[in-house]
Amino acid sequence: HEILYDWINPTYLDMDYQVQIQDEFEERSEILLKEFLKPEKFAEVCEALEKGDVEWSSRGPPNKRFYEKAEESTLPKILKDCMELFRSEPLFLLLSNFTGLKLHFLAPSEDDEVEDKKEGEAASAADSTEEGTSHSSSEPENNEVAISNNRQQSSEQTDPEPEECEAEKESSVPTCQGELRHWNTGHYTLIHDNSKTEFALDLLLYCGCDGWEPEYGGFTSYIAKGEDEELLTVNPENNSLALVCRDTETLKFVKHINHRSLEQKKTIPNRTGFWDFSFVYYE
């Protein structure tokens, strides 16, 4: 697992500490791991982002989201390597150890009863996806119509979020989707009628948050489906890894970044906004 030793604060690779993290995560379904990357690696990542050699594209449509996503093919090597870290098999295993979720075949198996329950949850999550999933021929015909309609509707939508892309639900192999995002004044995401609810693990790693205040916006808010009640707020914090386990009753959005965020320029003249590595993992 050389990639982990190259990148990650060795504290988090200690097995005893991983047990403590898992205990806390299983109790709260979320955790914030500070100083997650090694300082020298984090500094290199920030330097590459500050240089401005990254090509960004605007994400829409505006009734769902507005922020900038990095074009991965144009990323400098250090940022490509960081993206690869979050997609790497060793990281899947590390996240399994942090969370107790089965994101790797070497992760400890739970008993069959719990496995069956999880499979049921995964199936119900799959049923609620915008794009639908493939189905067996034994399903009633009206289900097939509903699923094909969902597919048609989905194909008309522009620029789906990574979370809204179809995950490989049929496969038992854990998967992930992710992107590198730039957040600036005026950016946001919204909860909308087709917001996907699913069982998944969200990962966020923040960069360039020096002097960032919660009143500026840009924090990720989790709410209960059909309720205004806020379950959790994740504020941008440098080199902090946020892990949040979502179920089918939970939705999330990134709070609109307001004009007060321009205050950041007073302390850091060349900085506008912040960046995050945003990944979603599926069992």
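Q: In what order do the three strands of the open sheet stand, and is their pairing parallel or antiparallel?
A: In this predicted model, three strands make up an open sheet with antiparallel pairing. Strands S8 (230-234) and S10 (250-254) each have a single partner strand and stand at the edges, so one side of each is left without a neighbour in the sheet. Neighbouring strands are turned by 20° against each other on average, direction ignored. The order is S8-S7-S10, and the pairing is antiparallel.

Q: Which residue of S10 is the bridge partner of serine 221?
A: Strand S7 covers residues 220-224 and pairs with S10 in the antiparallel sense over five bridges. The partner of serine 221 in S10 is phenylalanine 253.

Q: Is the ring pair of phenylalanine 86 and phenylalanine 279 stacked, tilted or edge-to-face?
A: The count of aromatic pairs in the model comes to 13. For phenylalanine 86 and phenylalanine 279, the ring centres are 5.4 Å apart and the planes stand at 40°. Planes under 30 degrees apart count as stacked and those over 60 as edge-to-face. The pair is therefore tilted.

Q: How many residues separate phenylalanine 86 from phenylalanine 279?
A: Phenylalanine 86 and phenylalanine 279 are both buried. Phenylalanine 86 belongs to helix H4 (residues 77-87), while phenylalanine 279 lies in strand S11 (residues 274-282). The pair thus links distant parts of the chain, at a separation of 193 residues.

Q: What is the geometry of the ring pair formed by phenylalanine 92 and tyrosine 281?
A: Phenylalanine 92 in helix H5 (residues 89-99) and tyrosine 281 in strand S11 are 189 residues apart, and both are buried. Their ring centres are 5.2 Å apart with the planes at 80°. Because planes over 60 degrees apart count as edge-to-face, the pair is edge-to-face.

Q: How many of the eleven residues of H5 are buried?
A: The buried residues of H5 include Pro90, Leu91, Phe92 and Thr99. Helix H5 is largely enclosed by the rest of the structure because the buried residues number ten of the eleven.

Q: Which ring does the charged end of lysine 41 sit over?
A: The charged end of arginine 181 sits over the ring of tyrosine 67, 5.5 Å from its centre. For lysine 41, the charged end is 4.7 Å from the centre of the ring it sits over, that of tryptophan 7.

Technical notes. Residues numbered from 1 in each chain as written. Predicted model: local features only at pLDDT ≥ 70, side-chain atom pairs only at ≥ 80, totals over all residues. Heavy atoms only, no water. Pairing = 2+ DSSP bridges. Helix = DSSP H or I, 4+ residues; strand = E, 2+ residues; numbered from the N terminus. Axes fitted to C-alpha atoms, helices over the stretch in contact; angles between N-to-C directions. Phe/Tyr/Trp six-rings, centres within 6.5 Å; stacked < 30°, edge-to-face > 60°. Buried < 20%, exposed > 50% of the residue type's maximum accessible area, 1.4 Å probe, protein only. Lys NZ or Arg CZ within 6 Å of the ring centre and 35° of its normal.
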